[in-house]
Structure formats: structure tokens, C-alpha cells
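Please look over the sequence and the model before reading on.

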Amino acid sequence: MQDTGRTLEAAKRISIEAGALMGRMFFMDPAQLCTQFKAGDGDSPVTVIDTMVGELINRLIREAFPDHGIWEKALGRTDSDSPWTWYV
């Protein structure tokens with residue numbers, strides 16, 4: 001059984017780290033914020049910020065809960081047999 005207190009603390013820590021990364025990127029040169037469209041879905045724009053923050057969140061979840069699944073907007077789904085899935 002998953003310890004929900006540990007999961008909540010990890011979610012808080014991960015969101016703080018992701019927010020800090022987004023804050024640092026807020027002042028990026030707009031020319032660096034190229035927008036691409038998600039593979040297989042030409043209607044969903046994805047910026048470099050989306051991708052970098054998504055990669056950070058995925059890495060931090062994997063470090064804390066390697067057996068959990070992740071469904072992330074910019075990066076897609078990481079399959080897992082775990083009953084736990086993070087929706088980012």
C-alpha cells in the first residue's frame with residue numbers, strides 16, 4: 001500500500017522545483033521559446049518550457065517512485081503496471 005503522506009510531500013517538493021524552473025525561464029528571450037506541435041497531435045502546441053519542465057517532473061517522480069506510471073502533456077505516457085499514475 002502506498003504511503004499517501006510520502007506521496008503528498010513528494011508532490012509538493014516536485015511542484016516547488018518545477019515552479020522554480022518555470023520562474024527562471026519566464027525571462028527567456030522569446031526567440032528561444034520555439035513552439036512545436038506534439039507528435040501525432042498537430043493541434044497541441046508545446047514550448048521548450050513545457051518540455052523542460054515535463055522532463056524535470058518526470059525525472060523527480062521516477063526518482064521517488066520508480067514503479068509509478070506518468071501521463072505528461074508534452075512527453076506523453078509512461079506505461080507502468082502500477083495502480084498509481086501521475087497526471088502532469
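The sections below describe the overall fold, the first helix, the aromatic pairs and one loop histidine.

**Overall fold**

The model discussed here is predicted. Its protein chain contains two helices and five strands. Read from the N terminus, these elements follow the order α-β-β-α-β-β-β. The chain has 88 residues, and 30% of them are buried. Its accessible surface amounts to about 6,000 Å², and carbon and sulfur atoms contribute 59% of that area. Among contacts in the chain with a separation of 6 or more, 38% involve residues 24 or more positions apart.

**Helix α1**

Helix α1 covers residues 4-25, a run of 22 residues. At 1.5 Å a residue the helix should span 32 Å, and the distance of 31 Å between its end C-alpha atoms agrees with this. At the start of α1, a side-chain oxygen of Asp3 comes to within 3.0 Å of the backbone nitrogen of Gly5.

Which residues of α1 are buried? They are Thr7, Ala10, Ile14, Ala18, Leu21 and Met25. These residues lie on the same side of α1, because they cover an arc of only 65° around the axis.

Met25 belongs to helix α1. Its relative accessibility is 5%, so Met25 counts as buried, the limit being under 20%. Apart from neighbours within four places in sequence, Met25 is in contact with Ile49 and Met52. The C-alpha atoms of Met25 and Val53 are 9.9 Å apart, while the two residues are 28 residues apart in sequence.

**Aromatic pairs**

How many aromatic pairs does the structure hold? There are two aromatic pairs. One of them is formed by Phe65 and Trp86; it is tilted, with 5.7 Å from centre to centre and 35° between the planes. Phe65 lies in the loop between α2 and β3, whereas Trp86 is in strand β5, so this pair ties together parts that are 21 residues apart in sequence. Phe65 counts as buried at 2% relative accessibility, and Trp86 also counts as buried, at 15%.

The pair of Trp71 and Tyr87 is stacked, because the ring centres are 6.2 Å apart and the planes meet at 25°, which is under the limit of 30 degrees. This pair links distant parts of the chain: Trp71 is in strand β3 and Tyr87 in strand β5, 16 residues apart. As for accessibility, Trp71 counts as partly exposed at 38%, whereas Tyr87 is exposed, with a relative accessible area of 64%.

The table lists the accessibility of the residues in these pairs.

| Residue | Relative accessible area | Class |
|---|---|---|
| Phe65 | 2% | buried |
| Trp86 | 15% | buried |
| Trp71 | 38% | partly exposed |
| Tyr87 | 64% | exposed |

Is His68 buried or exposed? His68 is buried, with a relative accessible area of 1%. The side chains of His68 and Trp86 are joined by a polar contact of 2.8 Å. Trp86 is therefore a partner of Phe65 in the aromatic pair and of His68 in the polar contact.

Methods: Residues numbered from 1 in each chain as written. Predicted model: local features only at pLDDT ≥ 70, side-chain atom pairs only at ≥ 80, totals over all residues. Heavy atoms only, no water. Helix = DSSP H or I, 4+ residues; strand = E, 2+ residues; numbered from the N terminus. Buried < 20%, exposed > 50% of the residue type's maximum accessible area, 1.4 Å probe, protein only. Contact = heavy atoms within 4.5 Å. Areas by Shrake-Rupley, 256 points an atom, 1.4 Å probe, with all protein chains shown as cover. Polar contact = N/O pair within 3.5 Å; in protein donor to acceptor, adjacent residues only side chain to side chain. Expected span 1.5 Å × (residues − 1). Arc of directions from axis to C-beta. Phe/Tyr/Trp six-rings, centres within 6.5 Å; stacked < 30°, edge-to-face > 60°.
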